[in-house]
Amino acid sequence: FEDRGHGSLLVSRSQFTEVSKCELSFVFLERGLRAFVKYVPRDVVRMMLTGEMSSDTNVMTRHIVTMLFADIEGFSSLCERIQPDQLMTLTQDYLQAMCEVIVDSNGTLDKFIGDCIMALWNAPQRLRVHERAAVGA
């Protein structure tokens, strides 16, 4: 394989059709996984691939989780006072820092709602002291 930049790969051409098809399938698999981990935590993807967690959406279990909802105080009025590029930089820096803290404490990012971030601990990855991990974040 030859990397052509921007995620574009040139597939080696084998003289055997089956080998070429297999190589191409792996390229598509890799691209799919790279895209998937942009939206699903890497540990969750790993657990699904190794069978530690079911990818079946019909399988549900109930257990206690610790949740976090956090946003920037006064964000709406701040939006009216600063330039769009400054707002974008501020929001990106805030969300990036929050994401790092959450992931480093074994939390799962659930969603972003404007400047609000929603995260949880003890799902899908089980933690013995999820409350402590959340408060520590």
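This is a predicted model: local features need pLDDT of at least 70, side-chain atom pairs count only at pLDDT 80 or more; totals for chains, interfaces and linings use all residues.
What percentage of the 137 residues in the protein is buried? Buried residues make up 25%, where buried stands for under 20% relative accessible area, exposed for over 50% and partly exposed for what lies in between (1.4 Å probe, protein chains only). Residues are numbered from 1 along each chain as its sequence is written, and side-chain values use heavy atoms, with hydrogens and water left out.

As for the overall layout, the protein has five helices and five strands, taken as DSSP runs (H or I of at least four residues for helices, E of at least two for strands) and numbered from the N terminus. Along the sequence they come in the order β-β-α-α-β-α-α-β-β-α. Among contacts (heavy atoms within 4.5 Å) with a separation of 6 or more, 38% join residues 24 or more positions apart. The accessible surface, from the Shrake-Rupley method with a 1.4 Å probe and, for residues, only the protein chains shown as cover, comes to about 10,500 Å², and carbon and sulfur atoms hold 56% of it.

Now for the inside. A nonpolar core is a set of buried Ala, Val, Leu, Ile, Met, Phe, Trp, Tyr and Cys residues joined through side-chain atoms within 4.5 Å. The largest such core has 13 residues, and Tyr94, Ile102, Ile117 and Trp121 have the most contacts inside it. Both α4 (84-104) and β5 (116-121) supply at least two residues each, with the largest share, five residues, coming from α4. Leaving aside residues up to four places away in sequence, Tyr94 touches Ala70, Asp71, Ile72, Asp115 and Ile117. In soluble globular proteins, nonpolar side chains tend to be buried together.

Helix α2 (42-50) has two sides to look at. Its buried residues are Val44, Val45 and Met47. They sit on the same side of α2 because they cover an arc of only 160° around the axis, the arc being that of the directions from the helix axis to the C-beta atoms. Part of what covers these buried residues is α1. Arg42, Leu49 and Thr50, on the other side of α2, are exposed.

Val65 belongs to the loop between α2 and β3 (66-70) and is partly exposed, at a relative accessible area of 32%.

On the charged side, the structure holds two salt bridges, each a side-chain nitrogen of Lys or Arg within 4 Å of a carboxyl oxygen of Asp or Glu. One pairs Arg34 with Glu30, their closest N and O atoms being 2.6 Å apart. These two are four residues apart in helix α1 (residues 17-36), and therefore about one helical turn separates them. Arg34 is exposed at 53% relative accessible area, whereas Glu30 is partly exposed at 32%. The other pairs Lys111 with Asp110, with 3.7 Å between the closest N and O atoms. Lys111 is partly exposed at 40%, and Asp110 is partly exposed at 37%.
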